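Open the model in your viewer and keep the selection tool at hand. The tour below goes from one selection to the next and says what is there.

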Amino acid sequence: MVEALYTLFGGDGPILYFVAILAAIFAIVLPLLISVAFAVYFDRKIWAAVQMRRGPNVVGPFGLLQSFADGLKLFLKETVIPAGANKVIFLIAPMITFTLALISWAVIPFEDGVAIADLNVGILYLLAISSLGVYGIIMSGWASNSRYAFLGALRSAAQMVSYEVSIGFVLVCILVTAGSLNMSDIVRPQEGGFWNWNFIPFFPVYIIFFISALAETNRPPFDLPEAEAELVAGYQVEYSSMAFALFFLGEYANILLMSAVMAILFLGGWDAPIPALEFIPGAIWLILKTCFGFFLFAMVKAFVPRYRYDQLMRLGWKVFLPLSLAFVVLYSGLAVYGVLGING
């Protein structure tokens, strides 16, 4: 994307290249922030529909501007910092969480090769950034000088590390058959219709990835770090105003990111479900598939009860870890013998 914009701007000199980079970032970040606002709205609407309530319906037509009103309210409120908190780390923590949630989108291809950075190691980049996400939460819990916040932060760190292992092994299953770490290269073999999409041969690991993504993003039924019955609001308990909003935006940006990654790995990315619909731009298909993934996230929150923490850890280490390891061996064997992947 950056090279295309650089050529469009005239392709002459480092200043124009820098402008092209800024334009590419702006083209991704602004729609993403608007998408996060509407994601919160649709999340609340889906919960309301399941519980036979109306949900947001006052601010704007059908309540569509409710998220923007909430954001304005948070922006205008005073940021309250506890007297015993480490003020610098307290304020840096939500910035780190929000920034990491945004820069993860740099390697997401919206069409063939159309990404801010179409890296050959895009999957490794995503794993690295998702691993760094723990730091913002740990810093917020420690800097708040609150037992509730610190216990919530420790829970979140343990939870994210535990389920990153399963996500890593699921990615290995895809990579040994795709033969590339580039996210565009993972989508290309899925062209030609939904019968070529990875969710058919990889359905078991698709389920493992989806449940692990719920735990990775602290979504119900795995929202133990924010369990209001036990920890008030977990690592966010002392935050208010825009600092709280940054955590909130980062959480939903990560949910949308996981939905987009699921669409790329298992649902054909930008490819149309049938060849007759290929006239529709690929970015539209990726957005629709991301919305489908987000709908699944919202529905799980609506009807699945919260796990106990020991159940959460047992599922990650005693169920998903051996299962994902077994599937790595299985799919590697299928790739070696040419049943799946680059040799198949």
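Start by selecting asparagine 218, which is buried at a relative accessible area of 4%; buried means under 20% relative accessible area, exposed over 50%, and partly exposed in between, with a 1.4 Å probe and protein chains only. This is a predicted model, in which local features need pLDDT of at least 70 and side-chain atom pairs count only at pLDDT 80 or more, while totals for chains, interfaces and linings use all residues. Residues are numbered from 1 along each chain as its sequence is written, and side-chain values use heavy atoms, with hydrogens and water left out.

Stay on asparagine 218, in the loop between H8 and helix H9 (228-231). Helices are DSSP runs of H or I with at least four residues, numbered from the N terminus. Asparagine 218 is not a glycine, yet its phi is positive, about 60°.

Next, select proline 220 and proline 221. The peptide bond from the former to the latter is cis, with omega near 5°. Proline 221 also lies in the loop between H8 and H9.

Now turn to helix H10 (residues 241-266). With 26 residues, H10 reaches 38 Å from its first C-alpha to its last, close to the expected 38 Å; the expected span is 1.5 Å times one less than the number of residues. Of the 26 residues in H10, 21 are buried. Serine 241 has a positive phi, near 55°. Just after H10, select glycine 268, whose phi is positive at about 80°.

Finish with the rings. The structure holds 19 aromatic pairs; rings of Phe, Tyr and Trp (its six-membered ring) pair if their centres lie within 6.5 Å, and planes under 30 degrees apart count as stacked, over 60 as edge-to-face and the rest as tilted. Select phenylalanine 210 and phenylalanine 297, an edge-to-face pair at 5.4 Å centre to centre and 80° between the planes. Phenylalanine 210 is in helix H8 and phenylalanine 297 in helix H11, so the pair ties together parts 87 residues apart in sequence.

How values were computed: Helix = DSSP H or I, 4+ residues; strand = E, 2+ residues; numbered from the N terminus.
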